[in-house]
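Subject: Structure handover

Hi,

Here is the structure we talked about. Please load it first, then read the notes below.

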Amino acid sequence: MAQEINSIMPQTKQSDADRICETKTENFKYEYWMASLYKISDNRRRQACHLAGNAEQMYALSADQLRRLHFFSDEEIRYIVESRKTFDAEREWSLFQDRGIRFLPYTHADYPEKLRPIYDPPFAIYVKGRLPDESAKSIAVVGARACSEYGRSVARMLGRVLAEQGAQVISGMAAGIDSASHAGALSVNGDTFAVLGSGCDICYPKSSCNIYHNILAGGGGIISELAPGTRPLPQFFPRRNRIISALSDTVVVVEAKTRSGSLITADQALEQGKDVYAVPGRFTDTLSAGCNHLIEQGAGILADLDNFLKNTGIVPERKIKDSNVKINIELPLEKEEYLVYSNLDFNPKFINSIIEETGLDLLTVLSALDSLKKSIWCRKRFKIIIVKKCKGAAVSGSRRLCRRAAL
């Protein structure tokens, strides 16, 4: 095999056993082509690059030379040959360089070290902004898209507190828990990074576009293994989850159903040797089923923020007492308003239930709810469902309201 390979291509001297492709600047256009061959797995692309010597030599091999490698199937050979007919390496690379996106193939010096040891690491990644600092603590906060108001508040609080303590918050920018964790970090000008299931130049979902732009404006980064312009497809999201867990030191699942992408992230984190924590919930809540299952399987329980910060090494033990999140608010409400507010919780509630449980008449309840909504103490959803909003956190003796996003 070695003699046959030597007979069809020039020798390439490798200076490092782990080096698969040369990463000279002039060769990036060919690695960019290799990265576009999605029908061939990341591992096989790296192996092929190793066999050929570098990506440029792979690009130059004819169908007959590819066949003589005894590595590719006939279908893969046809796929490679056809790709070169439509992919002008010089032109495509020139167009890419105008996008303001970094292209980091597997052997680039800036390719994240945390990605290298995982199973099937990306052949290359694309980055807008910057990559996480691998010398700093990184925590992934993930969970359900259709989360509860409670889950959203927990995710936002986690993002904020972690960022305040200097940790980097990593998530997938999906609606719900992901976006709330990013928003929490951004609220205190913290470092947060999003790993997308689309090209890093595409904001998905549209509801997260403000977060997308604020991450970049705040000095964070948008990361993807998919080429710019790639639209989000269902099959891309499970694969991107392995990158979220790999870039993180610890993964926290806030809310998840029993069959959830967040559990895929947790499984991949465990395979990568990372710690996994779950926020416990009521066993009757569908959105808590996945977290409770993780806890049954041995995941850490995130029921005390101070203990979590200590166990993950984010805050030295002597500083834990300074990081307590205190709730101490006097509600400036009238008697009827307070009675109605006390009847609400983080789960949706119908107006007729409020009337039955408070004993107030319809007009009084409607008037109280109208005042509460104006004071941002609750929100109305779907015209007839009322949801309690989060309480404020006492900061330096003053009251601060914490606005929540809608369900």
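Start with Asp42. Asp42 has a relative accessibility of 4%, so it counts as buried. Keep in mind that this is a predicted model.

What does Asp42 pair with? Its side chain meets that of Arg239 in a salt bridge, at 2.8 Å from N to O. Arg239 sits in helix 11 (residues 236-247) and Asp42 in helix 3 (residues 42-52), so the bridge ties together parts that lie 197 residues apart in sequence. The Arg239 end is partly exposed, with a relative accessible area of 33%.

Side chains of opposite charge can pair when their charged atoms come close.

Other salt bridges

How many salt bridges are there? The count comes to 18. Two further examples follow.

- Asp285 and Arg282 form a salt bridge, with the closest N and O atoms 3.0 Å apart. Asp285 is partly exposed at 24% relative accessibility. Arg282 is partly exposed too, with a relative accessible area of 48%.
- Arg116 and Glu113 form a salt bridge, with the closest N and O atoms 3.1 Å apart. Glu113 counts as partly exposed, at 45% relative accessibility.

Some of the bridges share partners. Which residues do they join? Asp42, Arg45, Asp120, Glu225, Arg239 and Arg242 are linked this way into one network. The Arg239 and Asp42 pair described above has both its residues in that network.

A helix pair

Now to helix 16 (residues 351-358) and helix 17 (residues 362-374). Their axes come within 10 Å and cross at roughly 110°. Angles of 65 to 115 degrees count as roughly perpendicular, and helix 16 and helix 17 are therefore roughly perpendicular to each other. The crossing of helix 16 past helix 17 is right-handed.

Which residues make the contact? From helix 16 come Ile351, Ile354, Ile355 and Thr358; from helix 17 come Leu362, Val365, Leu366 and Leu369. In this contact, 7 residues are nonpolar, 1 is polar and none is charged.

For a first look, I would show Asp42 with Arg239, then helix 16 with helix 17.

Best wishes

Conventions. Residues numbered from 1 in each chain as written. Predicted model: local features only at pLDDT ≥ 70, side-chain atom pairs only at ≥ 80, totals over all residues. Heavy atoms only, no water. Axes fitted to C-alpha atoms, helices over the stretch in contact; angles between N-to-C directions. Helix = DSSP H or I, 4+ residues; strand = E, 2+ residues; numbered from the N terminus. Parallel < 35°, antiparallel > 145°, perpendicular 65-115°, else oblique. Left-handed = near helix turned anticlockwise from the far one by under 90°. Contact = heavy atoms within 4.5 Å. Nonpolar A, V, L, I, M, F, W, Y, C, P; charged D, E, K, R; others polar. Salt bridge = Lys/Arg side-chain N within 4 Å of Asp/Glu carboxyl O. Buried < 20%, exposed > 50% of the residue type's maximum accessible area, 1.4 Å probe, protein only.
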